[in-house]
Amino acid sequence: MSQSLQLHDRTASALDEGVSLYVHVPFCLSKCPYCDFNTYQGIEPQFGDFLTAVLHEITTWSVVLGRPTVNTVFLGGGTPSYLPDGDVARILDTIARNYDVRIDAEITAECNPNDLTPEKCAELRAAGINRVSIGVQSMDNGLLAMLGRRHDADEAAQALERCRRAGFDNVNLDLMYGLPRQSLDQWRDTVARVVALAPEHMSLYSLTLEEGTPLRAWVQQGRLPEPDPDLAADMYDHARATLAAAGYHHYEISNWTLPGLESEHNLTYWRNLQWVGVGPGAHSSLRVGEAGSACRFWTVRSPRDYARLAREWADGTADDGPWPAITEGRIAAVPTVDGSEVSDEATTAAETMFLGLRLLDGMDVAAASARVGIDLLDRYRRELAELAEDGLLVWEKDGRLRLAEGAYLVANQVFTRFLVG
Ligand code: SF4
């Protein structure tokens, strides 16, 4: 087996820091009209094929990467809580048997409130999930209906209560603001009610009308009003003030936590570390080849094609052979991988700045430069000076660089300034 394995030396040593594992679950009971994720309703007959395929991918990546340490696991989607009973346990058992999972690893499952029956909560807990992320979105029943959600506000609160009874002490709630027809009063009420529920973590997302979604079409057709960005900004400011008063630490543009419970898995992305994604359409990032460069690759999006390719891979009948090769700067011969790219120096530099500045405590630019092998201060001398002069970036006394508070809502405009040369 191992003679077919080609793992570049630098990749092998980069893996000493461990990886995060992301498992993409493409099933949803119904498709929400605002969602453009790679998820599907009505494909439940594929549950079994998906499980077989994802277990194969998990096992094989362990062999390819030399059984690395796993720092965090995230079951996302889609709706992992919608998987048949026992599937989450099989996924986590397979990970535990094939990787050195850190004893204190954060292991998250995204869940919909309706799925979180007492039995499902107990099952997830027994399987090894230690962090639950619940898609609440709003505590206004009219807005929940507009969003195509299958729960109401009371059911969302009950879901959290059931998680507590099952022993979960690290729960995230996802909320959305800037919705069509959403008033500031409705948002204030939602924020007050979720704060009263005392989750450990909250992720607040401004609605984006994604291309191709029914919600975008309804707005374009005039069936729903265009969301008002100024009102969305007021909602964000209200949430910031309320959550700060309630003791939540605002640590990333869209994320708040009680002290010490930042999402370890998402920090992997924001710190531009390494992760392996399995499941249809999942993305991975591993450092290969030149210092600082990352090889990004992604699996085929179609759950049916993904399962077929994984089956052929497992059978050894795939055209490209059963074992992947990660060689200098590229990944090859992985049947389920649909594409890959190696970030060049310009991309690596820009990404390091975007991602580092999303964390509101800021970034140590010198340390980040050393990590990626690019002198970021030198590369962005002019941009950094202009952005600081415009009051959008702040240099702290300890040398860290951070977004100014007034720039949180225009962060993307700040980030585009790093897309030079
Ligand atoms: S439940 Fe979540 S992943 Fe599924 S369609 Fe709705 S928003 Fe998308």
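The legends below describe close-up views of a predicted model.

**View 1. The protein chain is divided into two domains.**
Domain 1 covers residues 2-270, and domain 2 covers residues 345-416. Between the C-alpha centres of domain 1 and domain 2 the distance is 27 Å.

**View 2. Domain 1 and domain 2 are in contact through eight residues of each.**
On the side of domain 1 that touches domain 2, at least two residues each come from α9 (229-245), β8 (249-252) and α10 (264-270). Strand β8 gives the largest share of this side, with three residues. By residue class, the side of domain 1 that touches domain 2 has six nonpolar residues, one polar and one charged.

**View 3. Strand β6 (residues 171-177) is largely enclosed by the rest of the structure, because six of its seven residues are buried.**
A residue counts as buried here if 20 or more other C-beta atoms lie within 10 Å of its own. Strand β6 pairs with strand β5 (residues 131-137) and runs parallel to it, with five bridges joining the two. Within β6, L173 stands opposite I134. Strand β6 also pairs with strand β7 (residues 201-206), again in the parallel sense, over six bridges.

**View 4. Helix α7 (residues 184-197) lies on the path of the chain from β6 to β7.**
Strands β6 and β7 are parallel and share six bridges. L175 has L204 in β7 as its bridge partner. The chain leaves β6, passes through α7 and reaches β7 in a right-handed β-α-β crossover.

**View 5. Three strands form an open sheet in the order β16-β18-β17.**
The pairing in this sheet is antiparallel. Two bridges hold the antiparallel pair of β16 and strand β18 (residues 400-403). D364 has R400 in β18 as its bridge partner.

**View 6. Residues around the ligand include three cysteines, C28, C32 and C35.**
K31, F37 and T39 are also among the residues around the ligand. The shell divides into six polar residues, four nonpolar and one charged.

How values were computed: Residues numbered from 1 in each chain as written. Predicted model: local features only at pLDDT ≥ 70, side-chain atom pairs only at ≥ 80, totals over all residues. Pairing = 2+ DSSP bridges. Helix = DSSP H or I, 4+ residues; strand = E, 2+ residues; numbered from the N terminus. Near = placed C-beta within 6 Å. Nonpolar A, V, L, I, M, F, W, Y, C, P; charged D, E, K, R; others polar. Buried ≥ 20, exposed ≤ 12 C-beta atoms within 10 Å, placed from the backbone. Right-handed = clockwise from strand over helix to strand, strands pointing away. Domains from an automatic or database assignment. Contact = placed C-beta atoms within 7 Å.
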